[in-house]
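Here is the note you asked for on this model. Please read it with the sequence and the coordinates open beside you.

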Amino acid sequence: PRAGVLFPGAARRGRWLLAAVGLHCAAALVLLQSRAAWAGLALALLLTLWRLWPHVPSLRPAAKAGLAGGLLLLAAAMALVVGLTGEKPGGILWRTQVDLRGEHIMGRRLVWMTAAEMLRERPALGTGLGGFNFGYIPHQGAALRGVPIDRYLPIGEVVTWAHNEYLQEFLETGPAGFVLLLSLLAGAAATGFRRANGDPAAWWLATALSVMGALALVDSPLHRPSEAVLAFCLMGLLARSGGKQAGRATVSSRGIAASCAALFALAAALAVMHWMSLRLLNAAYTAPERASPATLTRLFERSLGLSLRPGQVQASWGAQLCKNGEMERGISMIEEGLGTYRDAVIYEYLGRVCAESGDLDRAATAYQSALDSGLNYAQNAAALSRVEFMQGKSESALARLNEARAVFPRNTDIALALAEYFYATGDFSRCLEALAPVAKRGDPEIARLSTAAQEALKRASSEDAGRGQIAPAP
C-alpha cells in the first residue's frame, strides 16, 4: 500500500519522503541477495497486510485475496527452496546459531566471552564510551588463555562492536546506561501497543521497534547510523501517535531544519578534518628520502592536530622516527599512541623494533598483545618464540612453536622459527625435519638454513668417523 495508508496523518507533501524510504529499502534488499532478507520482507508484508486489511476499502476482495496469496506463496517458496536444497538460509540469526554451536570459538561467542572478561573489571561504572573497542585485544587474550588455539583460529576479524547492544551499553555505561536504553525502547513500544486500537499505524510502528529491539540482542543496529536514525524515528512517531499531541506539530519546521543543518555541518567539518589528516599522514609516508626531518615533523604535527584518531598518527610518527634511527624516541611515541589507539599491526611493529634495539622484555610484551588479537597468529607466535629464546626461555619457546605447528603444519614462519631453534641447539636432523614441509617453496631463507644444516650434519659425521678410525701401524 502507498505511504499515505500507513501514515494517514502525514502531510501530503511529506509522503514523497516515505515513498523514497520505501524504494531505498527495496533497492537494498535486491542488492543484498539474501534469502533471509526476502523471507523477512514477506513476513513484514504479511503482518502489515493483516493490520491494514480493514483500512484498505479501495481494494476489491479479489485484489485483497490475490495480494495475500502472493505473499503466502513468496514465503512458502523461500521455505521450500531452503528445505529442499539444503542451502544456508543466511541472515543474522543463522550466523548467530553457527557461532554459538560451532566447533570453533569465534564470532559472537568469542566476542561475548571477551565482553564478559571486561565486565569483571568494572561492573558498576562501565569502561566509558568506546571502551569496548579500545580494551578488546588484551581482554580477548585473557578470555582465550586456557583454550587450545585450534579451537579459535583462524579468527581473521577486527572487532569493533559487541554484537549485542544491551551488553555493550552495560559494558560501557554501566547499569545506568543499560536501564536508560531499555526504558527508551520498551517504553516507546509499549506506548504504541496501548494505542493500537485507536491508531492502526501505532501497532505497526511498535512491532517494527520491537523487532529492532530483538535484533539488538545479536547485532549492533544502534551503532549503524542508518538503523539508529530509523529507531529514533520510530520512537518519535510513536510518541506523536494518539493522545492530545496527535496531528499537531510541537516543533516548528524551521527548528527541525536548523537542528539538522547544525548536525550536518558538524559531521561535514569532522569528515573534512579526518580527510585532511589522512592526506597529511600520507604525504609524510610518501615523502622522498631527501626530505628534511623538520619537514616530516611538520607534516606529522599538522596531521595530529586534525586527526580524529590521534593514536594512529602518533604510532605512524613513532614508526618513522624508528626508521630514521631515533629508536628510543620512536618507541616512546608508539607506546603513547597505543594509549588511545590499539591495533594488532602497531603491536607487531613495536615488538619488532624493540627486539632490534635489544629491549627483549618490551618486545615480548608487544608480541604477546599482537598474539592476543588473533590476527597473524602464526607470524606473531614465531616472532615471540624467537624473543623468548633470546631471553633464555627455550622451553617456553619450543612449546609455543610445537603448539602452533599442530595448527599450522605448513606455515613458513613457524617452520623457519622451529628450524632456527633446532639449529641453534645443535639438533641439525630435527632442523631439517622442521623445514621438510616447506622445503619446496623456493624461499631463500629456507634454502640457506637447509644448506647450513646439511653441511653441519656432514661435518659432524666426518668428525665422528675420524674419531672412530684405528690409527694405521707405523
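1. Basis of the note. The model is predicted, so local features are described only where pLDDT is at least 70 and side-chain atom pairs only at pLDDT 80 or more, while totals for chains, interfaces and linings use all residues. Residues are numbered from 1 along each chain as its sequence is written, and side-chain values use heavy atoms, with hydrogens and water left out.

2. The chain as a whole. The chain has 22 helices and 0 strands, where helices (H or I, at least four residues) and strands (E, at least two) are DSSP runs numbered from the N terminus. Of its 474 residues, 35% are buried; buried means under 20% relative accessible area, exposed over 50%, and partly exposed in between, with a 1.4 Å probe and protein chains only. Among contacts (heavy atoms within 4.5 Å) between residues at least 6 apart in sequence, 58% join residues at least 24 apart.

3. Helix H16. This helix covers residues 344-356, and its 13 residues reach 19 Å from the first C-alpha to the last, close to the 18 Å expected at 1.5 Å a residue, a span taken as 1.5 Å times one less than the number of residues. Ala344, Ile346, Tyr347, Glu348, Leu350, Gly351, Val353 and Cys354 of H16 are buried, and what covers them includes helices H8 (136-143), H14 (310-323), H15 (327-337), H17 (360-372) and H18 (377-390). At the start of H16, a side-chain oxygen of Asp343 comes to within 2.9 Å of the backbone nitrogen of Val345, and just after the helix Gly358 takes a positive phi of about 90°.

4. The second largest pocket. On a 1 Å grid over the protein atoms alone, a pocket is an open set of points with protein on both sides within 12 Å along at least five of seven lines, a cavity is a set where a 1.4 Å probe fits but cannot get out, and lining residues have an atom within 4 Å of a point. The second largest pocket holds about 500 Å³ of space, and of its 22 lining residues Asn133, Val158, Val159, Tyr341 and Arg342 lie nearest the centre. Helices H7 (131-134), H8, H14 and H16 each supply at least two lining residues, with H8 giving the most, 3 residues.

5. The largest cavity. The structure holds 2 cavities of 30 Å³ or more, and the largest cavity has about 40 Å³ of space. His274, Ser277, Leu278, Leu281, Ser307, Arg309, Gln312 and Val313 line the largest cavity; helix H12 (253-285) and H14 are the elements that give two or more residues to this lining, and the largest share, 4 residues, comes from H12.

6. Trp317. Leaving aside neighbours within four places in sequence, Trp317 is in contact with Thr297, Phe300, Glu301, Leu304, Arg329 and Met333; the C-alpha atoms of Trp317 and Glu301, 16 residues apart along the chain, are separated by 9.0 Å.

7. Ala124. This residue is found in the loop between helix H6 (107-121) and H7, and Ala124 counts as exposed because its relative accessible area is 53%. Not counting residues up to four places away in sequence, Ala124 touches Gly174 and Pro175, and its C-alpha atom is separated by 9.0 Å from that of Leu171, 47 residues apart along the chain.

Definitions and conventions:
Polar contact = N/O pair within 3.5 Å; in protein donor to acceptor, adjacent residues only side chain to side chain. Points joined across faces, edges and corners; volume = space filled by probe spheres on them.
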